[in-house]
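Hi everyone, thanks for coming. Let's bring the structure up on the screen.

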Amino acid sequence: MRSDTGELSGEVPGVLETAAILREVTAGLITSDDFDGALARLARIIRDAVSEVTWCGVTVLRSGAPASVAASEPRLRALDDVRYGTDGPAMTAIRQRELVWSADLRAETRWPCWTAQAVALGVHGVLAVPVDVDEHVIGSINLYARDPGGLGAAQQLTAMLLAEHAGLLLGAVRDRARQVELAGDLARRPSAGRLIDQAIGVIMTQRGCSATEALQVLRSASAALALPLRDVAERLVTSVARPRDT
């Protein structure tokens, strides 16, 4: 990843300082299974941990879902929200897959509408860096400074490291969220034993046979369809429970 501003110059962040920031981000996200909550926590951690950063926002685009936005301060949320327009540093970073930087928005010409809104809110410097979460989710971490010239080489390098690290952590959060959702779905499904008992009762009623014979019928259907016994039982019970057209 490179910056569209050319060569980096000036002071670079120390190894210990950078490691401390990455450690804090890891601690904040490592156990989370709430993706939107993790975005909000990430924005607050970066705001508090990175020098010269006054505010932080995160913009995330998800395939087949509305965009997500997190902001360290609610009044600045609109600066990161693509629903209010795609003319801004966050979408530029996402589209170009490059770090985007403006040290002094008073002289910025790339995003006139967005810049006017940002300056009106007291923002005078911005640094947006793309973040890849997984194959379905991309986004941008957006750093804002109250003072012109506050965001420089140190913040650019830190932002690039944060984006790589946060992308991995947010991908893990997404995985955990899916696991929690799947576990909830499984918990809501009837148990295998209960379904099989219900299916046996259906077969006994339909055929006037014993429970042993009904179970054998169910097993034969399972073998013929190459499906687990539970799935065959669930299909049978569902078909009987479904209202018939009159």
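**Salt bridges, pair by pair**

Let's start with Arg 174 and Asp 134, whose side chains form a salt bridge with an N to O distance of 3.1 Å. This pair ties together distant parts of the chain: Arg 174 belongs to helix H5, residues 153-188, while Asp 134 belongs to strand E4, residues 125-134, and the two are 40 residues apart. Are these two residues buried or exposed? Both Arg 174 and Asp 134 are buried.

Please keep in mind that we are looking at a predicted model. In total, the structure has 9 salt bridges, and I've picked out a few for today.

Staying in helix H5, have a look at Asp 175 and Arg 178. They make a salt bridge too, and their closest N and O atoms are 2.4 Å apart. How many residues separate them in the helix? They are 3 residues apart in helix H5, so about one helical turn lies between them.

My last pair is Arg 75 and Glu 73, where the side chains meet in a salt bridge at 2.6 Å, N to O. Arg 75 has 41% relative accessibility, so it counts as partly exposed. Glu 73 comes out at 25%, which also makes it partly exposed.

Conventions
Residues numbered from 1 in each chain as written. Predicted model: local features only at pLDDT ≥ 70, side-chain atom pairs only at ≥ 80, totals over all residues. Heavy atoms only, no water. Salt bridge = Lys/Arg side-chain N within 4 Å of Asp/Glu carboxyl O. Buried < 20%, exposed > 50% of the residue type's maximum accessible area, 1.4 Å probe, protein only. Helix = DSSP H or I, 4+ residues; strand = E, 2+ residues; numbered from the N terminus.
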